[in-house]
Amino acid sequence: MAALSADRNTTIERGEVRSYPVKGATTIYAGSIVCVLNSTGYAEPGADAANLVFVGIAREQVANTGSSGDMSVEVDCAPGMIALLDASGLAITDADGTQVFVSDDQTVAKSTSNSVKIGKLAYFIDATTAAVMLEPLTA
């Protein structure tokens, strides 16, 4: 799957909400996977990239055209929330509880280069959609 270029209606159970400052010159779409870069603490779209940590699903679109931290994004981040996300490389034979990782800002996969954990497979829907029990960073 390609990275988002518009808002996405990601079905999730609403839970705890947190706000994170957004990296400069960055757009985060509503319904997208949001990560934070460990070294800066700024939110950015989910990606299979080094030093990112999954923090939640964006509640709103934020287009930060300014400097890092000029805008913030609210994310749903209660551990155990179920989100229906695009999937890559999953099959019906994958067991519930299989660890899945961020592939891009709307896609999870069973295996990625940088292993940015997002949660566990709650149940298999089809080859392109997975119900994921989210495990965001909560500290």
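Author: Contact here means heavy atoms within 4.5 Å. Among contacts in the protein chain between residues at least 6 apart in sequence, 57% join residues at least 24 apart.

Reader: What kind of model is this, and how are residues numbered?

Author: This is a predicted model, where local features need pLDDT of at least 70, side-chain atom pairs count only at pLDDT 80 or more, and totals for chains, interfaces and linings use all residues. Residues are numbered from 1 along each chain as its sequence is written, and side-chain values use heavy atoms, with hydrogens and water left out.

Reader: How many helices and strands does the protein chain have?

Author: Helices (H or I, at least four residues) and strands (E, at least two) are DSSP runs, numbered from the N terminus. In this case the protein chain has 0 helices and 12 strands. Its pattern along the sequence reads β-β-β-β-β-β-β-β-β-β-β-β.

Reader: How should I read the radius of gyration of the protein chain?

Author: Take it over C-alpha atoms; the globule rule is 2.2 Å times the number of residues to the power 0.38. For 139 residues, a compact globule would have a radius near 14 Å, and the protein chain agrees because it has 14 Å. The C-alpha trace spans about 45 × 30 × 30 Å along its principal axes.

Reader: What share of the residues counts as buried?

Author: Buried means under 20% relative accessible area, exposed over 50%, and partly exposed in between (1.4 Å probe, protein chains only). Of the 139 residues in the protein chain, 47% count as buried.

Reader: How far apart are the mean positions of the positive and negative charges?

Author: Lys and Arg count as positive, Asp and Glu as negative; His and the chain ends are not counted. Each charge is placed at NZ of Lys, CZ of Arg, CG of Asp or CD of Glu. There are 8 positive and 16 negative charges, and their mean positions are 4 Å apart.

Reader: Now single residues. Is Asp 105 buried or exposed?

Author: Asp 105 counts as buried because its relative accessibility is 5%. Asp 105 sits in the loop between strand 9 (99-102) and strand 10 (107-109).

Reader: Which residues does Asp 105 touch?

Author: Set aside residues up to four places away in sequence. Asp 105 then touches Ala 3, Leu 4, Tyr 29, Ser 32, Ile 33, Pro 45 and Gly 46. A polar contact is a pair of N or O atoms within 3.5 Å; within protein, one must be able to donate a hydrogen and the other to accept it, and residues adjacent in sequence count only if both atoms are side-chain atoms. Here the Asp 105 side chain reaches the backbone nitrogen of Leu 4 at 2.9 Å.

Reader: Where is Glu 44, and what does Glu 44 contact?

Author: Glu 44 lies in strand 4 (residues 43-45). At 13% relative accessibility, Glu 44 counts as buried. Leaving aside neighbours within four places in sequence, its contacts include Lys 23, Thr 26, Leu 37 and Leu 52.

Reader: Which side chain does the side chain of Glu 16 join in a polar contact?

Author: The partner is Arg 18, at 2.9 Å. Glu 16 is in the segment before strand 1. With 33% relative accessibility, Glu 16 counts as partly exposed. Beyond four places in sequence, Glu 16 is in contact with Val 75, Asp 76, Cys 77 and Ala 78. Glu 16 and Val 75 are 59 residues apart along the chain, yet their C-alpha atoms are separated by 8.2 Å.

Reader: What is phi of Ala 25 and of Ser 115?

Author: Phi of Ala 25 is near 55 degrees, a positive value in a residue other than glycine. Ala 25 lies in the loop between strand 1 (17-21) and strand 2 (26-28), and counts as exposed at 68% relative accessibility. Phi of Ser 115 is near 50 degrees, again positive in a residue other than glycine. Ser 115 is in the loop between strand 10 and strand 11 (117-126). Ser 115 is partly exposed, with a relative accessible area of 40%.
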